[in-house]
Amino acid sequence: LAATSAEIVPLLLGPQWVEAVAICSLLCVRSAFWTIASLMSPIIVGLGRPELLLRNSLWRLALTIGAAAIGLTYGIVSFAVGLVIVEIVLVVMNLRMIAPLLESSVLKLVTNFAAPVCNAAAMAACVWYLGHALAPTWAGFPALAAKVALGIAVYGALAAVSDRQSFRAALQVLRQSGAS
């Protein structure tokens, strides 16, 4: 979504919202890290340490207030950048907190997220590049369709190489849903 905001925002919200493209892109990046952080909550509860969730919530509150206080001084885009930084910090904090609980290392936990995150970053870079290559000639829905198709192809190819087992499982789900 971050790499297609330039097309999605005007198509869905109208041309008067074009200035919100950067904010939308940043919030999409933030949501990716938020998803990783939220996946850790069930692990923490499952390990019998729900009090750590309270600590996480307090850190999230403090860091978000700090991002607002600093970021909004310089504008809404700076605030959105601050929110991305907050999520990255929270993911790192969570990894450092749960690694010992899982009798693992932060590095080992990071490797579990490395392939999908790198695949997503590479896909976004390809889609972003295509958007800039198409910009003089294509716009709107045709550009969005081309970017989405490229994104699916790139991510699928990278996932097939980096995580064959998950890729095969995803294909199986698609086949089963198509058959029903």
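Select Glu103 to begin. Glu103 sits in the loop between α4 and α5. Helices in this tour are DSSP runs of H or I with at least four residues, strands are runs of E with at least two, and both are numbered from the N terminus. Look at the backbone here: the phi of Glu103 is near 55 degrees, a positive value in a residue other than glycine. Is Glu103 buried or exposed? Glu103 counts as exposed because its relative accessible area is 77%. The cut-offs are simple: buried means under 20% relative accessible area, exposed means over 50%, and partly exposed lies in between, with a 1.4 Å probe and protein chains only.

A word on what is on screen. This is a predicted model, in which local features need pLDDT of at least 70, side-chain atom pairs count only at pLDDT 80 or more, and totals for chains, interfaces and linings use all residues. Residues are numbered from 1 along each chain as its sequence is written, and side-chain values use heavy atoms, with hydrogens and water left out.

**Zoom out: the whole chain**

What elements does the chain have? There are seven helices and zero strands. From the N terminus on, the order reads α-α-α-α-α-α-α. The C-alpha trace spans about 55 × 50 × 30 Å along its principal axes. Of the 180 residues in the chain, 25% are buried. Next, think about contacts, meaning heavy atoms within 4.5 Å. Among contacts between residues at least 6 apart in sequence, 61% join residues at least 24 apart.

**Stop 1: helix α1**

Select residues 5-13, which are helix α1. Which residues of α1 are buried? They are Ser5, Glu7, Ile8 and Val9. Show α2 and α6 (140-162) too: the buried residues of α1 pack against both.

**Stop 2: the largest core**

Select Ile36, Ala37, Met40, Ile44, Leu52, Val91, Leu95, Met97, Ile98, Ala99 and Leu109. These 11 residues form the largest nonpolar core. A nonpolar core is a set of buried Ala, Val, Leu, Ile, Met, Phe, Trp, Tyr and Cys residues joined through side-chain atoms within 4.5 Å. Colour α2 (21-46) and α4, the elements that give two or more residues to this core. α4 gives the most, with five residues. A second, separate core has five residues, including Ala67, Leu83, Val86 and Leu90. In soluble globular proteins, nonpolar side chains tend to be buried together.

Now centre on Met40, in helix α2. Met40 counts as buried because its relative accessibility is 2%. What does Met40 touch, not counting residues up to four places away in sequence? The partners are Val91, Asn94, Leu95, Ile98 and Phe113. Draw a distance from Met40 to Ile8. They are 32 residues apart in sequence and 30 Å apart in space, C-alpha to C-alpha.

**Stop 3: along α4**

Select Glu87 in helix α4 (residues 76-101). Is Glu87 buried or exposed? Glu87 counts as buried because its relative accessibility is 0%. Show its side chain together with that of Arg30. The two side chains make a polar contact at 3.3 Å. A polar contact is a pair of N or O atoms within 3.5 Å; within protein, one must be able to donate a hydrogen and the other to accept it, and residues adjacent in sequence count only if both atoms are side-chain atoms. Leaving out residues up to four places away in sequence, Glu87 touches Arg30, Phe33, Trp34, Ala37 and Arg60.

Stay on α4 and select Ile85. Ile85 counts as partly exposed because its relative accessibility is 48%.

**Last stop: helix α5**

Select Lys108, in helix α5 (residues 106-134). Lys108 counts as exposed because its relative accessible area is 55%. Lys108 and Leu95 are 13 residues apart in sequence and 9.9 Å apart in space.
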